[in-house]
Amino acid sequence: MIRSLLVANRGEIAVRIIRACKELGIRTVAVYSEADRQALHVKMADQAICIGPPPSKDSYLNISNIISAALHARADAIHPGVGFLSENAEFARQVQLAGLVWVGPDPQAIEMLGDKVSAKANAKKYGVPCTPGLEGAVTNIEKTVEAVRDMGLPVIIKASAGGGGKGMRVVRKVEDLADNIRIASSEAEKSFGDGTVFIEKYLENAAHVELQMIGDKQGNVIYLGERDCSVQRNHQKLVEESPSPLVTPEIRRRMGEDAVRLFKGIGYFGAGTIEFLFKDGQYYFMEVNSRIQVEHPVTEMITNVDLIKEMIRVANGEPLSVKQEDIRFDGYAMEIRINATAPGTVKYYLPPSGFKVRVDSFLYTGYKVPPTYDSMVAKVIIGAPTRAEGINKMLSVLSEFELDGVPTNLESQKKIINTSIFRKGGFGTNVLDAIMKEIG
Ligand code: MV4
């Protein structure tokens with residue numbers, strides 16, 4: 001039984017998890033770095049323990065300090081949140097070895113999916129359509145060059161251990177391939193300690209569509225619809241919406257059934273997201289994120305399922321509280337990420353509110369945003385009957401948002417969703433270039 005849970009994270013996601021625990025009657029333990037003494041998650045938790053100096057590697061990434069804190073506080077479980085150690089199989093394993101419940105998938109599942117070459121092999125095994133490309137990892141550069149010549153260009157080189165665009169390179173001319181493989185591989189080796197790379201056909205300007213999944217330890221797996229995250233800058237998502245303007249009910253059902261087959265096949269439990277590329281009415285498996293994601297509230301808004309509470313229930317050994325046939329996709333939802341463009345002290349904070357208006361944040365008047373961590377300071381989520389109404393609603397809601405003392409991208413976000421290009425919908429990941437031209 002989980003009676004007490006340590007949140008191994010900070011910021012809005014730590015606040016989100018603490019709120020879910022309070023609803024479930026679970027005692028909460030916060031951890032914080034020396035830069036976060038005044039943080040909201042510290043104030044909200046029943047107990048808070050300092051785990052080290054400001055740099056993440058000394059605090060939020062320090063496995064032994066976090067586990068010591070959990071044991072000291074007599075926590076039963078650890079929720080890793082997003083980022084930091086959330087997809088670290090070694091951390092998950094050590095949490096379990098310390099006798100604690102890991103709120104997430106089995107370490108073996110994290111490992112298998114964290115390696116993109118093996119994730120893709122599994123997707124193929126269970127009949128999920130994959131992004132076309134060369135099978136397996138690159139082993140011999142000369143043979144790879146010949147294979148790419150046959151397959152055709154452009155191609156994209158990706159790191160098997162990768163994330164956030166590191167070790168990723170688009171190649172348009174076959175004579176550039178060998179050098180780029182070497183560069184990508186050494187970048188991957190430096191960033192992840194694993195130089196393994198693989199090659200896919202580059203799908204120009206495809207949409208980024210991801211499917212929310214959750215499974216329990218009894219073997220039930222459900223899908224909760226997609227999120228379209230095509231508006232990104234430097235691999236940072238700016239806007240997420242559901243449903244995707246590109247996905248029909250028929251495609252959603254096929255994608256969902258494929259995804260459920262994969263997750264059931266590998267015995268996955270907990271929350272997870274499958275990323276697809278979507279182009280010309282077809283979806284292509286890309287990778288799996290074996291954690292909850294920042295944009296999960298979009299799915300919560302249209303399905304009415306509390307994903308954080310479900311994660312905790314599942315970790316506790318209880319079955320999912322909902323079945324696939326209970327899941328309805330109700331209207332439209334959008335999330336806008338508000339990022340600080342410089343550190344500062346919040347002089348005045350008045351978040352918007354209203355019917356199906358949600359703000360997930362950790363700001364309060366007087367709070368000093370530290371320069372050390374992620375720049376995201378708030379997420380604004382709205383629900384509306386249709387996409388057109390949702391866009392108007394988000395513009396209106398963002399205009400209500402008052403935040404003085406910390407410069408943010410709020411005005412730029414309003415401009416983005418108010419363009420004719422965004423309003424039209426159905427775009428790919430190149431959309432931001434076109435939007436910037438329209439804004440001028
Ligand atoms: C792709 C792709 C096109 N074709 N793979 C981006 C993040 C990572 N999850 C994989 N990504 C992509 N993979 C194939 N086969 C397009 C992207 C992509 C992207 C690539 C380069 C520069 C910016 C990008 C923005 C979004 C998606």
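# Burial, fold and ligand shell

Biologist: At 0% relative accessibility, does Val7 count as buried or exposed?

Modeller: In this predicted model, Val7 belongs to strand β1 (residues 4-7); strands are DSSP runs (E) of at least two residues and helices runs (H or I) of at least four, numbered from the N terminus. Buried means under 20% relative accessible area, exposed over 50%, and partly exposed in between (1.4 Å probe, protein chains only). Because its relative accessibility is 0%, Val7 counts as buried.

Biologist: Which pLDDT do local features need in this predicted model?

Modeller: Residues are numbered from 1 along each chain as its sequence is written, and side-chain values rest on heavy atoms, with hydrogens and water left out. Totals for chains, interfaces and linings use all residues, side-chain atom pairs count only at pLDDT 80 or more, and local features need pLDDT of at least 70.

Biologist: What radius of gyration does the chain have?

Modeller: The chain contains 15 helices and 20 strands, and its C-alpha trace spans about 60 × 50 × 45 Å along the principal axes. The radius of gyration is taken over C-alpha atoms, and the globule rule is 2.2 Å times the number of residues to the power 0.38. For 440 residues a compact globule would have a value near 22 Å, which agrees with that of the chain, 21 Å.

Biologist: How far apart are the C-alpha centres of domain 1 and domain 2?

Modeller: The chain is divided into domain 1 (4-103), domain 2 (132-201) and domain 3 (207-439), with bounds from an automatic or database domain assignment. Between the C-alpha centres of domain 1 and domain 2, the separation is 36 Å.

Biologist: Which domains each give at least three residues to the shell around the ligand?

Modeller: Of the 15 residues around the ligand, Lys158, Glu200, Lys201, Leu203 and Glu287 come nearest; a residue is near a molecule if one of its heavy atoms lies within 4 Å of it. Each of two domains supplies at least three residues of the shell: domain 2 (132-201) and domain 3 (207-439).

Biologist: How much of the accessible area that the ligand has on its own does the protein cover?

Modeller: A polar contact is a pair of N or O atoms within 3.5 Å; within protein, one must be able to donate a hydrogen and the other to accept it, and residues adjacent in sequence count only if both atoms are side-chain atoms. Ligand nitrogen atoms lie 2.8 Å from a polar backbone atom of Lys201, 3.3 Å from a polar side-chain atom of Glu275 and 3.1 Å from a side-chain N or O atom of Glu287. Of the 530 Å² of accessible area that the ligand has on its own (Shrake-Rupley method), the protein covers 83%.

Biologist: With which residue does the side chain of Glu295 make a polar contact?

Modeller: Glu295 lies in the loop between β13 and α10 (296-303). Its relative accessible area is 1%, so Glu295 is buried. At 2.8 Å, the side chain of Glu295 makes a polar contact with that of Lys237.

Biologist: What is the relative accessible area of Asp280?

Modeller: Asp280 occupies the loop between β12 and β13, and its phi is near 50°, a positive value in a residue other than glycine. The residue is exposed because its relative accessible area is 72%.

How values were computed:
Accessible areas come from the Shrake-Rupley method with a 1.4 Å probe; for residues, only the protein chains shown count as cover.
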